[in-house]
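The sequence and structure are shown below.

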Amino acid sequence: YRGISLICQAWIFSILTDTYGDIPYSEALQGRNLIFEPKFDLQKDVYAGIFQQLEEANTLLAGAPNIPAGSDPVYQGNASRWRKFGNSLYLRLLLRLSGKAEVAQQSIDKIKDMVDTNPSNYPRMVNNDESAILRWTGVGPFTSPYVLSVREQDWRDPAIESFFI
């Protein structure tokens with residue numbers, strides 16, 4: 001479970017830092033420790049932390065047993081597929097950084113390590129069957145936010161705004 005959670009956190013933080021640049025990272029998610037206003041970290045430091053998370057997840061998921069299928073709506077508990085997803089995400093983020101002069105060579109070296117030198121230590125997705133897809137089943141909590149269950153009378157009954165109109 002820890003490996004899966006590290007991959008999910010890394011994915012979310014990568015989206016956040018790609019969108020906003022510098023974000024709270026090192027002190028984020030620390031409400032239990034009474035840190036309610038976390039400091040902002042530089043984007044390069046966020047990426048370094050994400051890479052550490054993905055390395056740890058890869059180690060934790062190496063040879064890990066599967067988890068109960070009912071607790072995993074993405075891969076139905078398959079730990080090896082989570083590991084492949086984490087390493088594929090890692091490669092995608094490294095490719096993104098390989099164009100930044102400050103960290104280009106480090107990124108390229110890590111990519112070569114993952115793909116050429118140690119591919120067995122970094123398994124990755126090789127076909128569409130291994131895609132990480134959260135399917136909307138129509139049963140809560142997996143209902144699409146784009147499908148509204150509106151009753152016909154919801155449009156005809158006087159609403160709260162009728163008072164103001």
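## Helix packing and the nonpolar core

In this predicted model, the buried residues of helix H4 are Ala104, Ser107, Lys110, Ile111, Asp113 and Met114. Helices H2 and H3 are included in what covers them. H4 itself has 14 residues and spans 18 Å from its first C-alpha to its last, close to the 20 Å expected at 1.5 Å a residue.

The largest nonpolar core has 30 residues, and those with the most contacts inside it are Ile7, Ile50, Phe51, Leu54, Trp82, Tyr90 and Leu93.

H3 provides the largest share of the core, 9 residues. In soluble globular proteins, nonpolar side chains tend to be buried together. Setting aside residues up to four places away in sequence, Leu93 touches Ser14, Tyr47, Ile50, Phe51 and Leu54.

How do H1 and H2 pack, and at what angle? Their axes lie 8 Å apart, at an angle of about 160°. Angles over 145 degrees count as roughly antiparallel, and H1 and H2 are therefore roughly antiparallel to each other. Their crossing is left-handed. On H1, the residues making the contact include Ile4, Ile7, Ala10, Phe13, Ser14 and Thr17; on H2, among them are Val46, Tyr47, Ile50, Leu54, Ala57 and Leu61.

Terms used: Residues are numbered from 1 along each chain as its sequence is written. This is a predicted model: local features need pLDDT of at least 70, side-chain atom pairs count only at pLDDT 80 or more; totals for chains, interfaces and linings use all residues. Side-chain values use heavy atoms; hydrogens and water are left out. A nonpolar core is a set of buried Ala, Val, Leu, Ile, Met, Phe, Trp, Tyr and Cys residues joined through side-chain atoms within 4.5 Å. Buried means under 20% relative accessible area, exposed over 50%, partly exposed in between (1.4 Å probe, protein chains only). Helices (H or I, at least four residues) and strands (E, at least two) are DSSP runs, numbered from the N terminus. Contact means heavy atoms within 4.5 Å. The expected span of a helix is 1.5 Å times one less than its number of residues. Axes are lines fitted to C-alpha atoms, for helices over the stretch in contact, and angles run from 0 to 180 degrees between N-to-C directions. Angles under 35 degrees count as roughly parallel, over 145 as roughly antiparallel, 65 to 115 as roughly perpendicular and the rest as oblique. A crossing is left-handed if the near helix is turned anticlockwise from the far one by less than a right angle, and right-handed if clockwise.
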